[in-house]
Amino acid sequence: MKVRTRVAPSPTGDPHLGTAYVALFNWIFAKAKGGSFLLRIEDTDQARSSTESEIAIIEALKWLGLEWDEGPDLGGNVGPYRQSERKEIYRNYAEDLILKGKAFRCFCTPDRLDQLRKEQKSRKETSRYDGQCLKLSEEEVKSKVEAGESHVIRMVVPEVGDSIFNDILRGEIRIPFDQIDMQVLIKADGMPTYHMAVVVDDHLMEISHVIRGEEWINSVPKHILLYEYFGWQVPEFLHLSLLRNPDQSKLSKRKNPTSINFYRDSGYLPDALLNYLCSMGWTMPDERELYNLREIVEVFDESRLSMGGPIFDQKKLNWINGQYIRALGEEEFVKKLTNQIADPEKLKKIASLLIERTEKLSDVIGQADYILGDRRSLDATDFEFPSLEKDMVIRVLYLASRSLESAKHWDKDQIFQLFSLAAESLKIDLKKFMVPIFVAISGRSVSLPIFDSMAILGRDLSIDRMRSAMDCLGISGKMKKKLEKEIEKLPSVN
């Protein structure tokens, strides 16, 4: 059997460390077995997917050096490699399932489904569809379709028995069918759900091994049923342990920088980041901590993958990155340092901010040090302002950082709009709101235009600097809950 693996990110935000982690092990597995590694873009969520996000994901994975053999940018024999371009394929397969009696049209309204979930919750039952539309006659279905009634297509799930399957890492897994919902396969807008698209695509793209995060284990029974309904061979499954925060929660941007771009822009070397990500899920036979992709591929054995919840430790990553930096020759070090600090694209962005404020070129470093590199370390005394109480400073920083997470377009105008709304919710003017922001971002009370500065720094670096500023001040769990309610009330910015 020809080994074929894939990574299939959704282009709905910044390129995530979790995507890099899953892509890494799919890449290693394929190369170690002499197989192929594919990139597929899962953009069926049209409301949240964006071309900008897809480009960012592709650039981030290429920066890491995880090149694919087939994908949306390269093409291949089993494309298209964007799910939005495969809509009719899914629809045809769904109609085939209806003819086989393995799927049905569901006309239930959102209100009925909400009421159903509430009743099941009150009875402490597993929330799942009750099969009401499965009882409709062919005539009733035809009449409703001809009348133009909105509907979805759901899969049929056995009422009794268990789904039994094998995971390469975890062995036999058994999940009762009464815990499996009659999954929607085709949404009312005609787009497929993840569960429909992933099975059809993995089959048509001849994926032999599905390697993904453990959060998908409970979805495997649905996927296996679809493979069986279509009469297709089921691929082998391997579910990786999730990356976790120090408190054992799933790695999230609320507690750690999660964007690959954050680590790129902060001066981490791609080889060091890959080395660290690999070490979180696998160990070398000789238990070395430092190794490159070529060395991993030569000795890779999936039995050495870990099932423990790996903790993402930035201090350990810093140590590994330091080892890689010290292994550089002076010439290569200068080259990478120049690219990091004097990147032509970054300099081009800040030129307009500097040119009117510069009398001699040596002034530039003093003005733009916090953009070209990290800002200075801060402590609580940096956030003592005559016009703002400590409680308000914390509220400003928290609402500012959380509101930035919702920015659909990262530019100075959107940052301004988000901060204006946050300031209004706190009932303070924007000028006063910006006082702690200047310090958190630049390390000083006066800097280059701060909205422009943040646009250049990027979302992740900006949020991380605000988060580290809040760490200086401390924030209670009670205050977080209170501020989260204020965040929910903020109007969105398009």
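Predicted model: local features only at pLDDT ≥ 70, side-chain atom pairs only at ≥ 80, totals over all residues.
Residues are numbered from 1 along each chain as its sequence is written, and side-chain values use heavy atoms, with hydrogens and water left out.

Helices (H or I, at least four residues) and strands (E, at least two) are DSSP runs numbered from the N terminus, and two strands are taken to pair if DSSP finds at least two bridges between them. Strand 1, residues 4–7, is covered on both faces, with Arg4 and Arg6 on one side and Thr5 and Val7 on the other, all of them buried; here buried means under 20% relative accessible area, exposed means over 50%, and partly exposed lies in between, for a 1.4 Å probe and protein chains only. In a regular strand the side chains alternate between the two faces of the sheet. Strand 1 runs parallel to strand 2 (residues 36–39), to which four bridges join it, and Val7 has Leu39 of strand 2 as its bridge partner.

Strand 8 (residues 209–213) is mostly covered, since five of its five residues are buried. Its pairing with strand 9 is in the parallel sense and extends over five bridges, with Ile211 standing opposite Leu238 in strand 9.

An antiparallel arrangement is found in an open sheet of three strands, which follow the order 3-4-7. The edges are formed by strand 3 (103–106) and strand 7 (184–186), each of which pairs on one side only. Neighbouring strands of this sheet are turned by 45° against each other on average, direction ignored, where axes are lines fitted to C-alpha atoms, for helices over the stretch in contact, and angles run from 0 to 180 degrees between N-to-C directions. Strand 4 (residues 152–155) is joined to strand 7 by two bridges, and Arg154 has Val184 of strand 7 as its bridge partner.

A search of the whole structure finds 38 salt bridges, each defined as a side-chain nitrogen of Lys or Arg within 4 Å of a carboxyl oxygen of Asp or Glu. One of them joins the side chains of Asp202 and Arg6, at 2.9 Å from N to O. Because Asp202 lies in helix 6 (residues 194–204) and Arg6 in strand 1, this pair ties together parts that are 196 residues apart in sequence. Both Asp202 and Arg6 are buried, and both belong to a network of salt bridges that also links Arg40, Glu42, Arg86 and Asp201. In another salt bridge, the closest N and O atoms of Arg82 and Glu85 are 3.1 Å apart; Arg82 counts as partly exposed at 24% relative accessibility, as does Glu85 at 45%. The side chains of Arg174 and Asp162 likewise meet in a salt bridge, at 3.3 Å from N to O.

On the surface, Phe333, Val334, Leu337 and Ile341 form a nonpolar patch with about 310 Å² of accessible area together. Such patches are made of residues with over 30% relative accessible area and no salt bridge, like charges being joined within 9 Å and nonpolar side chains (Val, Leu, Ile, Met, Phe, Trp, Tyr) within 5 Å, and accessible areas come from the Shrake-Rupley method with a 1.4 Å probe, only the protein chains shown counting as cover for residues. Leu337 is placed in helix 12 (residues 330–341) and is partly exposed, with a relative accessible area of 38%.

Most residues other than glycine have a negative phi, and most peptide bonds are trans. The bond from Gly79 to Pro80 is cis, with omega near 0°, and Pro80 is found in the loop between helix 2 (51–64) and helix 3 (87–99). Lys124, in the loop between helix 4 (110–122) and helix 5 (138–146), has a positive phi near 60° and counts as exposed at 79% relative accessibility.
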